[in-house]
Amino acid sequence: MSKTFKIKAIVAISENSVIGKEGDLPWRISEDLRWFKKITLGHTLLMGRKTWESLPGALPGRENWVLSSKLQSHSGIKVFKTLDNALSATIKGNLFIIGGGELYKQALPICEELFVSEVYRTIENGDTFFPSFKDDFEIEEKLFENDEFALNRWIKKTPKMADQ
Ligand SMILES: NC(=O)c1ccc[n+]([C@@H]2O[C@H](COP(=O)([O-])OP(=O)(O)OC[C@H]3O[C@@H](n4cnc5c(N)ncnc54)[C@H](OP(=O)(O)O)[C@@H]3O)[C@@H](O)[C@H]2O)c1
């Protein structure tokens, strides 16, 4: 049976590819958080255990799935021990990979679409990074821009004939 959902990732990245620092986001940009909610509402979110621990709790209106070898499922979250287990479970809406760095690295090759907020900052001493993606994805839609960040929807490039 072919899958009926899309795998997407959503991320905010600094000019020097930083996404995290000391277990948290290196910024608070409320407009970006509003977009995050708008894009992910009603869907299934998959996150690494460290990202889960950085949140105040389960994000409402969405399925909260966590990858971890040590956590147990409890009210509000469903825990998977492997990425394959999560991908084989019943997914509500689309599956959004929401970080962090470790999970993005593993899931990027299977993502069809990325929502990327490019934050106009350089972060010193960041410790978590987003892998390079611009060779494999292209901008499909510009969603928003202000003086803090630009949000674009990227889709996976289709291979050229010569590559096939
Ligand atoms: N800027 C953004 O958009 C954004 C988004 C999300 C997060 N972040 C930031 O990213 C940082 C966290 O990222 P991180 O890379 O340190 O950690 P992470 O990816 O959030 O979590 C890593 C943990 O997830 C579990 N995990 C990952 N892959 C797994 C697999 N295949 N099977 C089983 N378990 C797996 C493991 O948990 P166990 O050790 O329990 O096994 C691992 O230690 C924080 O600073 C956070 O704020 C930024």
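Visitor: What makes the largest nonpolar core a core?
Guide: The term means a set of buried Ala, Val, Leu, Ile, Met, Phe, Trp, Tyr and Cys residues joined through C-beta atoms within 7 Å. Buried means that 20 or more other C-beta atoms, placed from the backbone, lie within 10 Å of a residue's own. The largest such set has 36 residues, and Ala 9, Val 11, Leu 46, Phe 96, Ile 97 and Tyr 104 have the most contacts inside it. Elements that each supply at least two of its residues include S1, S3 and helix H4 (101-107); strands are DSSP runs of E with at least two residues, helices of H or I with at least four, numbered from the N terminus.

The model is predicted: local features need pLDDT of at least 70, side-chain atom pairs 80 or more, while totals for chains, interfaces and linings use all residues. Residue numbers start from 1 along each chain as its sequence is written.

Visitor: How do you know that S4 and S5 pair?
Guide: Pairing requires at least two bridges found by DSSP. Three bridges join strand S4 (residues 63-67) to S5, so they pair, and they run parallel. Val 66 stands opposite Val 79 in S5.

Visitor: Why is strand S9 (137-145) called an edge strand?
Guide: The open sheet of eight strands has the order S5-S4-S3-S6-S1-S7-S10-S9. S5 (78-80) and S9 each pair on one side only, so both are edge strands.

Visitor: Which residues does Tyr 104 touch?
Guide: Contact means C-beta atoms, placed from the backbone, within 7 Å. Not counting residues up to four places away in sequence, Tyr 104 touches Ala 9, Val 11, Ile 97, Gly 99, Phe 130 and Pro 131.

Key: A residue is buried if 20 or more other C-beta atoms lie within 10 Å of its own, exposed if 12 or fewer, and partly exposed in between; C-beta atoms are placed from the backbone. Two residues are in contact if their C-beta atoms, placed from the backbone, lie within 7 Å.
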